[in-house]
Amino acid sequence: MSNAKVKAEIVSKEVEGKDAPWEPRITALVCNWCTYAGADLAGTSRMEYRPNVRIIKLPCTGRIDPLFIIKAFEKGADGVLVSGCHPGDCHYNAGNYHARRRWIGFNSLMEFIGIDMKRLHFSWISASEAIKWVDLVNDVTEEVKKLGPFGEYQDINKDGL
Amino acid sequence: MSDLTKIPYYPGCTLNTVAKHFEESAAVSAKTLGFELVELEQWNCCGASFPMSANNTMGLSAPTKVLVEANKAGDTVTTLCSVCYNVLKRTNKVVKDDGEKRRVINDFIEEDYDGGLNVVHYLEILRDTVGFDKVKESVTRSLKGLKIGAYYGCMLLRPFEDMGIDDHEGPTIIEDLLKALGAEPVDFPNKIECCGAHLGAGGKEGEEVVSRLSACVMRSAVGSGAELIVTSCPLCQYNLEESQAEVVKNVAGYSAVPIVYFTQLLGLALGQADEMLSLDKNKWDVRELLKDKEV
Amino acid sequence: MPRIGVFVCQCGNNISSTVDTAKVAEEMSKLPGVVLTEDYKFMCSSPGQDMLKETVAKNKLDGIVVAACSPHMHEKTFRKAVEKAGLNPYKCEIANIREQCSWVHHDTTKKIGTAKSIDLTRMVLERLKRNKNLTKISIPVNKRALVIGGGIAGIQAAIDIADGGRDVILVEKEPSIGGNMAKLSETFPTMDCSQCIMTPKMVEAELHDRIQLYTYSEVEKLDGYIGNFSVTIRKKARFVNEDLCTGCGDCWNKCPFKADSEFEHGLTKRKLIYTPFPQSVPNIPVIDKERCPKILKDKCGLCEKVCQPEAIDYTQEDEIVVEEVGAIVVATGYNLMDEARFAPYGYGKLKDVINGLQFERLASSSGPTGGEIQRPSDGKVPESIVFIQCVGSRDESKGVSYCSKICCMYTAKHTMLYKHKVHDGQAYVFYMDIRSGGKRYEEFTRRAIEQEGAMYLRGRVSRVYEKNGKLMVQGADTLSGSQVVIEADMVVLATALVSRQGADSLAQKLGIGYDKHKFYSEYHPKLKPVETITGGIFLAGSCVGPMDIPESVSMGSAAASKVQALFSADMLDREPITSKVREETCNACWDCVTACPYVAISKKEIKNRKGEVIRMVANVNDGLCTGCGTCIAACRSKTIDLAGYTDEQVYAALNAF
């Protein structure tokens with residue numbers, strides 16, 4: 001699934017009601033300067049992609065506290081994607097390097113707490129890479145859809161610790 | 001002299017045959033300086049040239065087998081021949097740095113070698129392990145007054161990023177050694193030019209290239225005042241020696257100079273007898289000159 | 001309970017064709033804290049903004065969400081509008097339902113777009129509820145500038161800033177300003193005499209009421225931030241009292257000792273009390289303390305005896321001066337690569353192998369030979385000269401991957417200068433490619449080749465050696481496909497331009513970036529070529545990379561105009577998106593200090609009433625903080641937070657999905 005013209009065929013549960021097929025919910029944590037602008041460009045260019053992503057804008061990927069990601073899963077996200085400026089292009093000089101380094105350390109923690117790393121995507125998308133953004137959203141949606149709903153946290157909440 | 005440092009030594013094909021005097025003089029000099037060249041128990045031809053095409057992994061398997069053998073003998077292996085040195089050192093680097101090639105080669109030769117060996121030329125042992133200062137102290141027969149052109153050829157120094165033995169454009173390692181022996185090195189422009197290498201094996205045309213290139217080297221050295229040329233490679237030695245007669249014939253005012261291995265001069269300076277150094281094996285005898293110069 | 005208004009924009013039919021905006025507004029009205037919603041055709045239009053203002057004022061709203069286009073489009077517009085209605089501008093947030101929703105989901109049943117817009121707006125709404133009133137940060141600006149480097153770029157910047165009515169401090173590490181340009185004979189492509197155009201500039205800088213020169217001085221330390229820098233300058237001891245010295249020259253005329261002249265690149269000698277060159281600015285000598293016997297072992301002292309104004313002071317010591325400035329221009333220039341790295345070309349061994357700047361001195365009428373081309377070994381006028389280009393440049397094995405840019409042009413100039421001075425002389429040039437992009441540059445190199453008879457050979461030189469008193473230049477002529485050996489009387493190497501020695505340590509002192517070649521990094525190579533990542537510090541000239549005189553001058557002027565723009569207001573307004581420390585919980589681990597790319601966080605002492613330090617906490621400097629938030633994610637005790645993007649706000653948005 002990697003073309004910018006993929007037809008969005010899914011509808012949010014809120015609109016279609018409970019019988020609609022399951023669709024993953026994906027939270028995107030992106031930086032204001034590169035990826036947010038890249039996503040804007042996808043809009044200005046009238047590209048089309050899967051509607052499963054909800055973007056949260058941050059100044060820089062360096063701002064991302066790993067707990068944001070855990071919180072997103074806790075609150076029902078089935079997948080999380082993190083995207084910022086390419087290495088060397090950070091608006092703040094080095095924030096994305098910090099994010100990358102943190103990511104490496106964070107990876108093993110995520111695995112340890114039992115989150116399938118396929119639910120978590122990290123990428124660099126510049127302000128001009130609208131197509132890359134579209135492909136990323138489509139690919140991540142597809143992949144997370146294959147994995148099915150992420151229910152571990154909700155189960156814990158339900159059953160109690 | 002029982003506690004000689006033993007250094008694994010890879011001779012390669014020529015050192016046991018046409019360049020026997022190179023090996024012998026290196027071996028006796030080594031002993032004087034406190035180390036011993038220990039020939040590898042098993043060895044094969046290094047391949048004689050490093051495969052230049054990127055995907056020719058096959059050509060790397062022969063030298064890797066040598067490296068595997070050497071690795072059994074110690075953590076360092078030394079060579080005398082510049083070509084062997086070049087092939088082994090570069091192959092070792094490939095095996096060390098390129099995981100994919102390392103896997104393929106090891107699969108093929110059924111070994112598990114990681115490129116951990118240290119490949120050094122005999123000159124490096126003299127410089128880095130023994131030290132030219134110690135060499136200088138050990139000199140009993142100074143080569144004072146001998147004007148010598150140090151001829152490096154190409155394989156010892158290049159490609160620079162792989163070899164790193166010395167500055168590839170302005171090497172001084174042999175000159176530094178000669179100075180330690182009391183001689184007077186003569187700098188000459190063609191000291192790092194190619195002698196023609198193995199093109200001589202390529203028929204008449206190749207022979208012509210070799211004699212032309214070798215002639216340039218010798219004329220350059222002699223024109224700069226060298227009375228004697230030293231080499232560090234059997235191929236260079238062979239090409240220069242074989243080409244000199246023609247230079248004498250064709251170039252007015254050129255008179256032949258002795259061409260010897262640096263180890264032969266080293267042996268002389270360390271007080272070894274002429275016979276031990278096989279000085280008679282050189283095509284252009286150095287003994288006359290030594291007598292003239294009262295060395 | 002907050003009083004929030006949600007305004008959903010239809011954007012004509014840009015949004016409304018795939019999003020049911022009325023439905024979005026309706027859904028929002030059900031959420032706690034929302035007191036009114038609007039579904040409006042064009043929120044950004046004048047009537048739309050007026051409506052917004054009126055509604056905010058009338059309903060006493062304390063926060064609004066505009067669900068419309070990207071905040072990159074109209075966030076400023078709407079924030080300005082609500083500010084006029086009396087609301088803090090940072091209590092206005094934008095939900096991006098156009099670029100990131102209606103335009104990328106083409107479902108005309110509007111189901112997808114509407115559902116996503118509801119989510120997006122709700123997330124922004126929850127975030128907005130946690131927004132605080134923020135005030136733009138105002139920083140006072142000290143309207144004095146510092147220029148580091150007194151070459152042509154630095155002089156130009158200094159003069160421009162000073163002409164604009166601002167005081168400038170110009171720091172130069174050599175005894176005289178002038179830099180490399182002062183050494184040149186003529187300049188390409190106009191062939192006007194470098195000193196004739198440079199000297200007046202130097203004098204202008206010296207005499208300008210608003211420029212204060214610090215020659216023979218170096219920047220030792222920099223503190224502060226944009227608008228408020230504090231610079232520590234080391235004035236190296238000249239051993240000559242600048243106020244008393246008249247520059248008469250009695251001292252250097254009488255000094256009995258000599259050393260190689262740095263300015264003449266060793267082609268001639270200078271005295272141990274000296275000015276680098278006769279037109280030095282200031283015309284005040286320095287004593288070479290490394291060599292002067294009086295300084296070293298208290299012998300001689302002749303200069304003191306002959307100095308009538310009694311300006312010589314052997315006891316002088318380095319002086320440390322602190323200056324306060326608001327902006328800095330870095331113009332430290334270049335060095336030539338060390339030719340010793342080119343053994344086959346014989347530089348240093350063969351006397352008649354020289355570099356480009358040495359040739360400039362030979363050709364200069366104020367140079368060691370009075371402008372006559374004479375070879376250094378025996379003073380003979382060379383009958384032929386070989387110029388070798390790209391010595392080091394474009395040579396990865398020498399660590400220089402770049403083109404030094406000016407050498408093709410100055411070599412062509414050298415061949416002409418030579419031809420003009422030695423009519424029978426033959427110039428040969430070995431080149432890789434002739435790169436003569438620039439106004440009238442190509443015509444200039446063509447002239448050298450076609451009219452001035454320079455012989456251009458395309459190929460590399462393998463070595464230069466001496467034979468029978470001649471220099472033999474052996475190289476390849478790739479156009480004829482042959483090896484050539486050219487006999488020459490002199491060889492000139494166009495050695496690579498490299499960054500100034502010590503460029504990296506200066507960059508570290510200033511907190512600006514540099515690349516692997518130690519050239520300084522622009523903020524953006526195309527759109528912000530004179531800015532650095534550090535606010536208030538600008539770049540000019542070849543400290544950024546090899547460049548010629550016109551470019552250096554342009555960049556000097558460009559940097560000056562940036563400085564003047566900065567100085568045009570008394571206060572500097574900045575977005576209030578900066579990190580804040582909650583001092584009570586800071587446990588002084590300093591992870592934030594390590595993480596901050598801007599050196600904006602320092603260690604602050606907390607003292608008790610007796611003035612004793614009881615603990616240390618992190619302290620953010622608003623002037624330096626750019627609001628990236630990297631420190632926040634690093635903070636273990638959640639002590640530091642980013643105004644405008646607080647943890648609370650981000651979690652609220654996450655929770656709302």
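User: Which conventions apply to the numbering and to the model?

Analyst: This is a predicted model, in which local features need pLDDT of at least 70, side-chain atom pairs count only at pLDDT 80 or more, and totals for chains, interfaces and linings use all residues. Residues are numbered from 1 along each chain as its sequence is written, chains are lettered from A and ligands numbered from 1 in the order in which they are written, and side-chain values use heavy atoms, with hydrogens and water left out.

User: How is the packing of two helices described, and at what angle do α2 and α5 of chain A cross?

Analyst: Two packed helices are described by the angle between their axes and the distance between the axes. Axes are lines fitted to C-alpha atoms, for helices over the stretch in contact, and angles run from 0 to 180 degrees between N-to-C directions. Helices (H or I, at least four residues) and strands (E, at least two) are DSSP runs, numbered from the N terminus. In chain A, the axes of helix α2 (residues 35-44) and helix α5 (residues 130-147) come within 8 Å and cross at roughly 90°. Angles under 35 degrees count as roughly parallel, over 145 as roughly antiparallel, 65 to 115 as roughly perpendicular and the rest as oblique. The helices α2(A) and α5(A) are therefore roughly perpendicular to each other.

User: Which residues of α2(A) and α5(A) meet?

Analyst: Contact means heavy atoms within 4.5 Å. From α2(A), the residues A:Thr35, A:Gly38, A:Ala39, A:Leu41 and A:Ala42 meet A:Ala130, A:Trp133 and A:Val134 of α5(A). The contact of α2(A) with α5(A) has six nonpolar, two polar and no charged residues. In this classification, Ala, Val, Leu, Ile, Met, Phe, Trp, Tyr, Cys and Pro count as nonpolar, Asp, Glu, Lys and Arg as charged, and the others, Gly among them, as polar.

User: What is found between chain C and chain B, and how far apart are chain A and chain B?

Analyst: Eight residues of chain B are in contact with nine residues of chain C. These two chains, C and B, bury about 690 Å² between them, with 48% of it on carbon and sulfur atoms. C:Pro344, C:Ser397 and C:Arg463 supply 52% of the area that chain C buries against chain B, more than any other three residues. Chain A and chain B do not touch, and their nearest C-alpha atoms are 23 Å apart.

User: How many salt bridges cross each interface?

Analyst: A salt bridge is a side-chain nitrogen of Lys or Arg within 4 Å of a carboxyl oxygen of Asp or Glu. The rule finds four across the interface of chain A and chain C; C:Asp641 forms a salt bridge with A:Arg63, the closest N and O atoms being 3.6 Å apart. Across the interface of chain C and chain B it finds three. There, C:Arg463 pairs with B:Glu193 in a salt bridge whose closest N and O atoms are 2.6 Å apart. The structure holds 70 salt bridges over all chains.

User: How is chain B divided into domains?

Analyst: Domain bounds come from an automatic or database domain assignment. For chain B they give domain 1 (5-122) and domain 2 (139-292). The C-alpha centres of these two domains of chain B are separated by 24 Å. About 2200 Å² is buried between domain 1 and domain 2 of chain B, of which carbon and sulfur atoms give 68%.

User: Where do the cis peptide bonds lie?

Analyst: One cis peptide bond joins C:Phe188 and C:Pro189, with omega about -10°. C:Pro189 lies in the loop between β8 (186-187) and β9 (192-193) of chain C. Another cis peptide bond joins C:Val281 and C:Pro282, with omega about 0°.

Note on methods. Buried area is the accessible area (1.4 Å probe) that two parts lose on being put together, summed over both.
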